[in-house]
Amino acid sequence: MKYIYTIILSLIAFTVFAQIGPVTGRIELNDGKFVIESFTIRMSGDSLHMELGDLKVMDAGSPTVQRFSVPAVFAVPLQRHQSRRRVDRSEYAGQMKVTVVEIAEQDDELFMEIEMKLDGDVMNRRLSWLVIPELIAGDSTATGAGLMVNGWGREQLYKRRYKFQDTRLLDNLPDVRIAVTTSTDTLVRYNLRMPYRMWMDDAVLDIHQVVGSPAGKEQLYTLANAGRVKLQPREPYEVQPKLSFVVPEREQKSRRMQGQAFLDFAVGRSVIVPTYRRNPEELSKIEAAIKAVQSDSDVEIVGLFVEGYASPDGSYATNERLARERSEALLDYITRNFGIPANIIRSSSVAEDWDGLRLLVEQSDIARRDDILAVIDSTGEPDRKEQRLKGFGAAWLTLRDGMFPQLRRVEYQIDFTVKDYTLEESRELADRNPEMLSQRELYLLAQSYEYGSPQWEQIFETIIRLYPDDPVSMLNYSAVLIRRGEMAAARRYLDRLEDVPDAANNTGVWYLLSGDLDTASLYLGQAREAGSEEAAHNLEELECKRENEILMERYKR
């Protein structure tokens, strides 16, 4: 052990006096008899740290190798304070007192503060002491750097040898050195710091004294024994996860405008008379819808679809003809008045709208409601079903006069494409007409705002409203909800994305924040395998959380 300590002191001396940065590598001494497989020496704040890897000591007379597999950790104190006072000889008690002021865990380091008080003529002028703190727990040890105490005569000898660069002196260079003189009380307090290791939880501190004489003889004494390390209180670790957002793909922006008109036709006729009954009002709705699209320079109409409906009163054959002719009449009216090419217009018709009638009956409190629904749902011929309804007396009158007129209508759909917008154009449209923007344009607009800001969240609210069933929209919104802490709502979206690979990271974050670390690890592992950088970060956060839980349990014990 003496030779090992010599090696350690030599390495530390080299680092201190060379004033270099971190030193790492492998070193062999004494023709290979002492081999340090790896070592690191570095400055950390006011301390110098050295860590040794595998240390091999070759016996001189045989090939036997002693290998120390437990890494040794050494710390050099760079802070020391000395105070002295002159005392009368009659006060001498000749005592030395070593006190461990504190030994505690601080910010992933072990902090030791040691105080040594030398009273009176406790030390011969020609003696030299080396005080060594050692932390011990089973087979694991960590040795703090030595403190050399020289008598006055020994100190003079030391200075002369150091001046002439005595090799023997340099090989045993102490880390901290003080000199004491006769009639002097000396108080020394110095701090040690070293990287904290788990085994130090159960360690105790011994202070050893090596007494050396001018003749080279040495004796080892244990001066003090301190209690266990005071563990630092632990707070629950707050993970800082990274959520996954997916940029939507570019799309051809196809939009549609839908509406319906309740046009009135003369009995048995299918010609639109603009001034007849409600027609002025209904035709104006169609005109406003078409012109709103035509007047927008950002859009282009690519299709117009019209579908006519008739009510169930009257013969089915007649109603089928009227529904078809009335939808064609509206198409002709639109073509003549609005200049829409005929090749992009198509029409269809529904002879008798029994589905629409069923919906109206379900929503009403009409007499014999269940009987009427049973007739509607039956598989008989339409004209036969109508005859059965007429047998319901007053209920039939309610159907004929109150519900059938609502079924005689024309529905229309205008299909158009929209140009792509710049970021500034998107910002202007987002408030007044966000439907004109693609999901990608809205997403890029959100990224132009500060992450998590009200404007950022508002854009994602708009996206999920416009694209409620799109996987990318749901994935991105799940991230927004997790960030806001709305875990139940986020879970509902994630459940719908169970088979979407991109959702694995956000699902893992959900379990991580919910405290299920094992399930979180599975999902985050899948996401990392798929190349997610966010998942790699979150797995590191997960491990920090695990370590914190272990430390919390240690502190409780």
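Student: Does α4 pass α5 in a left-handed or a right-handed crossing?

Tutor: α4 passes α5 in a right-handed crossing. A crossing is called right-handed if the near helix is turned clockwise from the far one by less than a right angle, and left-handed if it is turned anticlockwise. The contact is made by Leu283, Ile286, Glu287, Ile290, Lys291 and Gln294 of α4 and by Leu330, Tyr333, Ile334 and Phe338 of α5. Contact here means heavy atoms within 4.5 Å.

Before going further, some ground rules. This is a predicted model, in which local features need pLDDT of at least 70 and side-chain atom pairs count only at pLDDT 80 or more, while totals for chains, interfaces and linings use all residues. Residues are numbered from 1 along each chain as its sequence is written, and side-chain values use heavy atoms, with hydrogens and water left out.

The two helices pack at an angle of about 50 degrees, and their axes are 12 Å apart. Axes are lines fitted to C-alpha atoms, for helices over the stretch in contact, and the angle between N-to-C directions runs from 0 to 180 degrees. α4 and α5 are therefore oblique to each other. The scale is this: under 35 degrees is roughly parallel, over 145 roughly antiparallel, 65 to 115 roughly perpendicular, and the rest oblique.

Now α4 itself. The helix covers residues 279-294, which is 16 residues, and spans 22 Å from its first C-alpha to its last. That is close to the 22 Å expected at 1.5 Å a residue; the expected span is 1.5 Å times one less than the number of residues. Helices (H or I, at least four residues) and strands (E, at least two) are DSSP runs, numbered from the N terminus.

Which residues of α4 are buried? They are Asn279, Glu282, Leu283, Ile286, Ala289, Ile290 and Val293. Seen down the axis of α4, these buried residues fall within an arc of 120 degrees, so they line one face of the helix. The arc is taken from the directions from the helix axis to the C-beta atoms. An α-helix has 3.6 residues a turn, so residues three or four places apart point the same way. Buried means under 20% relative accessible area, exposed means over 50%, and partly exposed lies in between (1.4 Å probe, protein chains only).

The buried residues of α4 pack against β17 (254-261), β18 (299-309), α5 (316-338) and β20 (409-418). The strand β20 can be followed through one of its residues, threonine 417. Threonine 417 is buried, with a relative accessible area of 17%. Leaving out residues up to four places away in sequence, threonine 417 touches Gln252, Lys253, Ser254, Asp298, Val299, Glu300 and Val302.

On the way into α4 there is arginine 278, which lies in the loop between β17 and α4. Arginine 278 has a relative accessible area of 38% and is partly exposed. Not counting residues up to four places away in sequence, arginine 278 touches Phe262 and Asp264. Arginine 278 and phenylalanine 262 are 16 residues apart in sequence, and their C-alpha atoms are 7.8 Å apart in space.

Other helix pairs can be read with the terms already given. Helix α11 (residues 439-447) and helix α12 (residues 454-466) pack at an angle of about 165 degrees, with their axes 8 Å apart. That makes α11 roughly antiparallel to α12. α11 passes α12 in a left-handed crossing. Among the residues making this contact are Leu442 and Tyr443 of α11, and Trp456 and Phe460 of α12.

The next pair is α12 and helix α13 (residues 471-484), which pack at an angle of about 140 degrees with axes 10 Å apart. α12 and α13 are therefore oblique to each other. Their crossing is left-handed, and the residues in contact include Trp456 and Phe460 of α12, with Met474 and Tyr477 of α13. α13 is mostly covered, as ten of its 14 residues are buried. The buried residues of α13 pack against α11, α12, α14 (487-495) and α15 (504-514).

Last, the setting. The protein chain has 17 helices and 20 strands, and buried residues make up 46% of its 557 residues. Of the contacts in the chain with a separation of 6 or more, 65% join residues 24 or more positions apart.
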